[in-house]
Amino acid sequence: MAAPAAPGNAGNGAAEEVERFDATSMRFNTAVIGRIRTGAAVISGSTAGILGLTGLYGFGFYFVASLLLSLLLFVKAKRNVAAHFSSPSAITTDGLFDGLSTYVLLWTFMYGMVHVY
Amino acid sequence: MAPAAIPLLLDTSIRDWVLIPIVIVMFLLGIVRHHITELLKSDRIDDKAAKAALDGQGLLRARVLRANGRFLSPLAFQMRKNFFTQADGGDDSKKGWLMQERPKPANPMGDPSQMMGMLKNNMSFVIPQMLIMGWINYFFSGFIATRVPFPLTVRFKMMLQRGIELPTLDASWVSSLSWYFLAVFGVRGLHTLVLGEGNAADQSMNMQQMAGMGMTPNPTVDMNQVFKAERENLDLCVHEYALANIERALLDTASVSATSTTSKLKQH
Amino acid sequence: MLTRVAFVLGALLLFNAAYSTVQYRNFLKMAEKDQSGLPIDIVLQTLAAMVLATWAIVEYTAPFKNIHGSNERVRYDAVDNRPIFYSFQHRGALLFKKQ
């Protein structure tokens, strides 16, 4: 047997190294990301509309803007993704397509306002 | 595709009186719907929900016993196991907890009052949607409202350019109905921003709520089956007392002073 | 506070860029010139406004919580909370049963 473990650790032996996450915090973080993505979709959609992007350029711009957003989220997470998310890709992929419909709405709206009328 | 090939001039009053109002109406409709649902929601915890919580909690306890029972002494483990799976004792209250009969779940399709409730719930979402669509079709059809910045195939022309019989017009010029569809999907995100997660503003959220109900077990599942499975698992569980030789193990790992104590004890 | 100001500033810049674009396009229409492309200053202003507003949104929302829970503050009444030890099948139900 190994050296005597600390009393707090006596319960779970060395055999089961299960990573434990705080479910409430995880849900909180996901919700925060979702809200940020929607807000950013409003902004980037308006930008795409003003710039008059059409077709694939517009959809491509969404992903470029998402990339920028991921960078900002990385800074927000204090450059330590592992401390706040269970998977390292969470800040780039979580809710990526949730903002798309809002983006398309704002894109079409601003495009109509600026470039059609 | 040449975007600026045919510069179609649209009247700016279409923008002021069609495009903007539709978005505002869709946005406000979601907010009104959210608040009406909040008003009608009954927050009374009924008997059924309490029973479901009780069942769920008991199952959780049985599972925990199975997982961590090795830290209990054999007697304690046996007592807990008996509590769950004891077969004898004609009286129902003396039977093991997992052996007791649970009432069979009611078939939701068979209960007319429940059916009515679901129907009402659906109606409250479908009717406003239909009204708005009728409103848009009635007032705003027959002219081009805006142009979507992405190309659409000719197949969309029939649906999105209804009332505009221009076969050569590019499909990305659309009437107000498609603007309405864009607004329906787009304002969902805005509602999450304004009303918070899990709001009652749109239909899909509500459907999820009805299906999931969070932590409590699904009411349509027959608890008797779940209990039977858990009972069998508990019966199969072999109790190995993890702490049987804990004193010896402790002494084995103890330092020199402890061994000297034991040697002194042996001398006596 | 700073993030709020930044967001309002970004939104205003965006609105200003939209307005400039409309004016520019009207000018092109008047002059009957080819309508494609935007002046570089409008494009730059729009992109800068987007970056500013996006940054403001990201920083305005609540900071992420640590999911490992080691430095989380536990509320005093939740210290003793052990959900898996809840028991509803105890003697109380029999003791307080209505005769």
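**Annotated segments and contacts**

Modeller: To start with chain A, the UniProt annotation "transmembrane region", from an unreviewed entry, covers residues 56-75 and 96-114. UniProt positions are given in the numbering used here, feature names are shortened, and annotations may be inferred rather than shown by experiment. The model is predicted: local features need pLDDT of at least 70, side-chain atom pairs count only at pLDDT 80 or more, and totals for chains, interfaces and linings use all residues. Residues are numbered from 1 along each chain as its sequence is written, while chains are lettered from A and ligands numbered from 1 in the order in which they are written.

Biologist: How much helix is there over residues 56-75 of chain A?
Modeller: Residues 56-75 of chain A are 100% helix and 0% strand, and the end C-alpha atoms are 29 Å apart. Helices (H or I, at least four residues) and strands (E, at least two) are DSSP runs, numbered from the N terminus.

Biologist: And over residues 96-114 of chain A?
Modeller: There the chain is 79% helix and 0% strand, with 27 Å between the end C-alpha atoms.

Biologist: Which residues of chain C does UniProt give as "transmembrane region"?
Modeller: The record, again an unreviewed entry, places that feature at residues 36-58 of chain C. Over residues 36-58 the chain is 83% helix and 0% strand, and the end C-alpha atoms are 33 Å apart.

Biologist: How many residues of chain C are in contact with chain A?
Modeller: 27 residues of chain C are in contact with 32 residues of chain A. Two residues are in contact if their C-beta atoms, placed from the backbone, lie within 7 Å.

Biologist: Which helix of chain C gives the most to that side?
Modeller: α2(C) does, with eleven residues. α1 (2-31) and α2 (40-60) of chain C each supply at least two residues of the side that touches chain A. By class, that side of chain C has 16 nonpolar, seven polar and four charged residues. Ala, Val, Leu, Ile, Met, Phe, Trp, Tyr, Cys and Pro count as nonpolar, Asp, Glu, Lys and Arg as charged, and the others, Gly among them, as polar.

Biologist: At what angle do α1(A) and α2(C) pack?
Modeller: Helix α1 (residues 23-51) of chain A and α2(C) pack at an angle of about 175 degrees, with their axes 9 Å apart. Axes are lines fitted to C-alpha atoms, for helices over the stretch in contact, and angles run from 0 to 180 degrees between N-to-C directions.

Biologist: Parallel or antiparallel, then?
Modeller: α1(A) and α2(C) are therefore roughly antiparallel to each other. Angles under 35 degrees count as roughly parallel, over 145 as roughly antiparallel, 65 to 115 as roughly perpendicular and the rest as oblique.

Biologist: Which residues meet there?
Modeller: From α1(A) they include A:Ile36, A:Gly39, A:Ala40 and A:Ile43, and from α2(C) they include C:Val43, C:Thr46, C:Leu47 and C:Ala53. The contact of α1(A) with α2(C) has eleven nonpolar, five polar and no charged residues.

Biologist: Switching to chain B, how many helices and strands?
Modeller: Chain B has ten helices and two strands. Along the sequence the pattern is α-α-α-α-β-α-β-α-α-α-α-α. Buried residues make up 17% of its 268 residues. A residue is buried if 20 or more other C-beta atoms lie within 10 Å of its own, exposed if 12 or fewer, and partly exposed in between, with C-beta atoms placed from the backbone.

Biologist: Which residues touch the most other members of the largest nonpolar core?
Modeller: Of its 62 residues, A:Met110, B:Ile22, B:Trp179, B:Ala183 and C:Ala53 do. Helix α5 (residues 100-116) of chain A provides the largest share of this core, twelve residues. A nonpolar core is a set of buried Ala, Val, Leu, Ile, Met, Phe, Trp, Tyr and Cys residues joined through C-beta atoms within 7 Å.

Biologist: What does B:Trp179 touch?
Modeller: Not counting residues up to four places away in sequence, B:Trp179 touches B:Leu19, B:Ile22, B:Ala145, B:Thr146 and B:Val174.

Biologist: Where is A:Lys78?
Modeller: A:Lys78 is in the loop between α2 (55-76) and α3 (81-84) of chain A. Its phi is near 55 degrees, a positive value in a residue other than glycine.

Biologist: Why does A:Lys78 count as exposed?
Modeller: Because A:Lys78 has 11 C-beta neighbours inside 10 Å.
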